[in-house]
Amino acid sequence: MTAIPVTIGRRMPQSAASVDLGAHAAAAPVASIGAPLVDTHGRVHRDLRISLTDRCSLRCTYCMPEQGNEWLAKTSILTLDEIVRIARVAAADGITTFRLTGGEPLLRTDIVDVVRRLSAITGPGGRPVEIAMTTNGIRLAELLPGLVEAGLTRLNISIDTLRRDRFHALTRRDRLDDVLDGIAAAGASGLRPLKLNAVAMRDVNDDELVDLVEFAVAHEAQMRFIEQMPLDAGHTWDRSRMVTQDEILTALSARWELTPVPGRGGAPAARWTLDGGPHSVGVIASVTAPFCGDCDRLRLTADGQLRNCLFSTTEYDLLPILRQAQGPVEEPFPPVAELVEAGIDAGIDGMLRSCVHGKLPGHAINDPAFLQPARGMNAIGG
Ligand code: SAM
Ligand code: SF4
């Protein structure tokens with residue numbers, strides 16, 4: 001099965017030339033279910049972010065416009081069976097963590113079944129997979145017992161501000177209390193490590209960084225600040241509005257002694273202990289301190305597109321493979337059905353390998369020629 005990547009993107013205002021070309025020119029690797037997903041730079045891929053929907057209960061300014069968002073066609077959204085099918089092949093190829101995201105993953109009506117079916121998948125040698133989720137926390141308090149029972153193992157919850165008026169302005173919804181209920185439920189659930197995410201923004205929440213860390217510590221969680229990235233669906237990113245890792249660390253240093261934690265591995269966040277520990281804070285500095293060299297992540301969008309980077313403008317379409325016409329299977333040739341099934345799995349594996357093979361050594365946000373992906377963060381899966 002031949003993988004055909006499609007390039008889609010939108011040039012940033014200052015850009016002059018395209019990026020992301022060339023890496024796909026090389027021949028696609030041969031499919032071989034069960035072999036690790038190693039790219040041409042030696043990075044082994046172990047983490048698959050699965051976006052379950054592009055819809056959301058909030059409208060965070062850095063992610064989605066208030067109105068006029070172009071939603072993915074409902075008919076193109078992967079069914080639970082399709083997600084499980086892709087995940088099984090990915091696990092056989094060495095993926096060990098599935099992170100459910102979106103959009104807002106808790107909006108998916110079959111979310112408990114998604115977790116249950118994915119958590120039943122095993123990798124080579126029967127190794128269990130880990131099921132993590134990134135959520136805005138709305139409806140989490142109500143859904144968490146079922147999710148934990150179904151096999152959820154880790155949670156990241158987004159909270160950019162503790163002030164109700166700010167939360168309303170930033171997310172365009174008055175739902176702070178629902179998020180706080182979700183965080184309280186997560187704290188009580190015992191799922192650890194529990195991580196809280198905030199996008200740091202100039203003149204929006206940059207006077208709350210210490211408060212957010214103290215809030216996280218009080219909830220036995222780790223606060224992580226994210227540099228704002230050029231991924232909003234409204235294409236309004238402005239570098240000057242971004243609070244940098246250095247600025248975040250300077251603000252926190254006024255309150256705590258920060259000591260770098262070694263051994264980051266492939267984790268997106270660099271961490272520092274607070275006053276020698278045990279608590280710590282993380283910073284995801286995708287813009288000012290990219291961590292592409294150790295990236296072990298792939299992404300699957302809600303409409304079946306594989307992506308090898310948040311910032312890539314190339315996608316690898318799994319829908320034609322999953323939904324290929326199978327035709328009637330008639331006696332006396334029942335094995336045909338099995339061959340078709342095997343062909344679909346081989347096609348998924350081939351597309352995973354092509355996607356990994358096409359991965360560039362790093363993203364190009366800081367290149368004047370940077371081409372912003374046409375999809376917003378809500379449709380990529382953060
Ligand atoms: N709705 C869920 C949530 O908000 O946690 C999951 C999806 S959201 C796209 C995943 C993460 O991406 C969130 O932590 C959010 O803050 C972050 N995010 C969204 N847009 C971003 C941007 N432009 N720059 C940096 N982080 C962003
Ligand atoms: Fe929704 Fe998450 Fe995007 Fe906010 S960041 S609009 S909660 S998908």
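Q: Which residues does Asn378 touch, not counting residues up to four places away in sequence?
A: In this predicted model, Asn378 touches Ser51, Thr53, Asp54, Cys63, Met64, Asn69, Trp71, Gly102, Gly103 and Ala233. Asn378 itself is placed in helix H10, residues 377-380.

Q: Why is Asn378 called buried?
A: The relative accessibility of Asn378 is 4%. Buried means under 20%, so Asn378 counts as buried.

Q: How far apart are Asn378 and Cys56 in sequence and in space?
A: They are 322 residues apart in sequence, and their C-alpha atoms are 7.8 Å apart in space.

Q: Why is the pair of Phe311 and Phe370 called edge-to-face?
A: The structure holds 1 aromatic pair. Phe311 and Phe370 form this pair, with 6.2 Å from centre to centre and 70 degrees between the planes. Rings pair if their centres lie within 6.5 Å, and planes over 60 degrees apart count as edge-to-face. The pair of Phe311 and Phe370 is therefore edge-to-face.

Q: What makes this a pair that links distant parts of the chain?
A: Phe311 is in the loop between strand E13 (305-307) and strand E14 (314-317), whereas Phe370 is in the loop between helix H9 (335-357) and strand E15 (371-372). The two residues are 59 residues apart.

Q: Are Phe311 and Phe370 buried or exposed?
A: Phe311 has a relative accessibility of 7%, and Phe370 has a relative accessible area of 2%. Because buried means under 20%, Phe311 counts as buried, and Phe370 is buried.

Q: Why is Thr273 called buried?
A: Thr273 lies in strand E10, residues 270-274, and its relative accessibility is 18%. The cut-off for buried is under 20%, so Thr273 counts as buried. Leaving aside neighbours within four places in sequence, Thr273 is in contact with Glu257, Leu258, Thr259, Val261, His279 and Ser280.

Q: Why is Asp178 called partly exposed?
A: Asp178, found in helix H5 (residues 176-189), has a relative accessible area of 28%. Partly exposed lies between buried, under 20%, and exposed, over 50%; Asp178 is therefore partly exposed. Apart from neighbours within four places in sequence, Asp178 is in contact with Gly137 and Ile138. Asp178 and Arg139 are 39 residues apart in sequence, with 7.0 Å between their C-alpha atoms.

Q: What is noted about the phi of Arg139 and the phi of Arg172?
A: Most residues other than glycine have a negative phi. Phi of Arg139, however, is near 75 degrees, a positive value, and phi of Arg172 is near 60 degrees, also positive. Arg139 is in the loop between strand E5 (130-135) and helix H3 (140-150), and Arg172 is in the loop between helix H4 (164-171) and H5. Arg139 is partly exposed at 36%, and Arg172 counts as partly exposed at 24%.

Q: Which peptide bond is cis with omega about 0 degrees, and which is cis with omega near 10 degrees?
A: Most peptide bonds are trans. The bond that joins Arg192 and Pro193 is cis, with omega about 0 degrees. The bond from Gly277 to Pro278 is cis, with omega near 10 degrees. Pro193 is in the loop between H5 and strand E7 (194-200), while Pro278 is in the loop between E10 and strand E11 (280-284).

How values were computed. Residues numbered from 1 in each chain as written. Chains lettered and ligands numbered in written order. Predicted model: local features only at pLDDT ≥ 70, side-chain atom pairs only at ≥ 80, totals over all residues. Heavy atoms only, no water. Phe/Tyr/Trp six-rings, centres within 6.5 Å; stacked < 30°, edge-to-face > 60°. Helix = DSSP H or I, 4+ residues; strand = E, 2+ residues; numbered from the N terminus. Buried < 20%, exposed > 50% of the residue type's maximum accessible area, 1.4 Å probe, protein only. Contact = heavy atoms within 4.5 Å.
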